[in-house]
Amino acid sequence: MSAGSVLAEGVHDAGDAAPRPVAAGVDPRWQAAGRLALPTSELREVARMLRRQVVQLVRRHGQGYVQQGLGAAELFASLYFHEAAIDPADPRWSRRDRCILSTAHNSALFHAALALRGMIPEADLAGYVVDGSVLEINVSERLGPVVEGTFGSLGQGVSAAAGMALASRISGVDYRVNVILGDGELEEGQVWEAAMFAGSQKLGNLCVILDLNWMQVEGHTDQVLKLSPIADKWRAFGWQAVEVDGHDLDALVAAFGLARANRAQPTILIATTVPGKGVRALEGVISHNAKLPADLADAALAELEASHA
């Protein structure tokens, strides 16, 4: 698909649904319906903009899930702006690709991606984690149909995703199901029950994107439980496992292509990421819920702006 085309496989007629206003300075194609399949040159700019918004959202309160947000920017850029077929004007479209955030606390990045994709008004970001706001610190269905499910209790997302993938087969409504999973969630037994089920059912329309940043509340994941060998474990459950640099957009796009091409197996993309990626002072710093004082936030924003020059 060419970079200039905004409609792709699975696109429907949105009828009289009114499109959301395009945010100032944003390419209107980024908020169009369908599978965008943006080229990696544009995905890099999307990832940079997402990082800036993560810093801005967390800056207001001086603390939050900034490390995960910065680290997973390419994962969200490639999923929402290349891979997934969705319609911002019709979040209930039956043939939409389902996108599940199992790591529900990575909310600054999630809300930033929804706004940039046109799925929520950009102005709503001002209410992020304000008391009474639907933009909570843990993403929930209070936000409306743009959220496929509430997964504040970690380890639940793959189970729901497997059910949705099976529902597609039973109903005959063709769509894909993508779920972003945190590496710490691999310590939950429910994840492996879901993996065994999906592999047994050969749910080829299911794709898990594992954000492998080796970080959880207690510190490095190996300080809690040894996760490796991750790929071998998933393959033993009947999955196609693809190991990828989570900051290499060309590799991520290719990996999603492998997932789409394999209709006989579910796929897990094991994407290694660096917490705090894109901000030198934060890169590699393991801090699950990080302090972000104003001076550090301002320096981070300046650095991200300079990277665009």
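## Buried and exposed

A residue is called buried when its relative accessible area is under 20%, exposed when that area is over 50%, and partly exposed in between (1.4 Å probe, protein chains only). In this predicted model, buried residues make up 56% of the 309 residues in the protein chain.

The protein chain exposes about 12,200 Å² (Shrake-Rupley method, 1.4 Å probe), and carbon and sulfur atoms supply 52% of that area.

## Overall build

Let's look at the fold. The protein chain has nine helices and eleven strands, which are DSSP runs numbered from the N terminus (helices: H or I, at least four residues; strands: E, at least two). Its radius of gyration is 18 Å, close to the 19 Å from the globule rule for 309 residues, so the chain is as compact as a globular protein of that length. This radius is taken over C-alpha atoms, and the rule is 2.2 Å times the number of residues to the power 0.38.

Among contacts (heavy atoms within 4.5 Å) with a separation of 6 or more, 76% join residues 24 or more positions apart.

## A closer look at aspartate 131

Aspartate 131 sits in the loop between helix H4 (107-117) and helix H5 (157-171). With a relative accessible area of 79%, aspartate 131 is exposed. Glutamine 67 is 64 residues from aspartate 131 in sequence and 23 Å away in space, C-alpha to C-alpha.

## Reading notes

Residues are numbered from 1 along each chain as its sequence is written, and side-chain values use heavy atoms, leaving out hydrogens and water. Local features need pLDDT of at least 70 and side-chain atom pairs count only at pLDDT 80 or more, while totals for chains, interfaces and linings use all residues.
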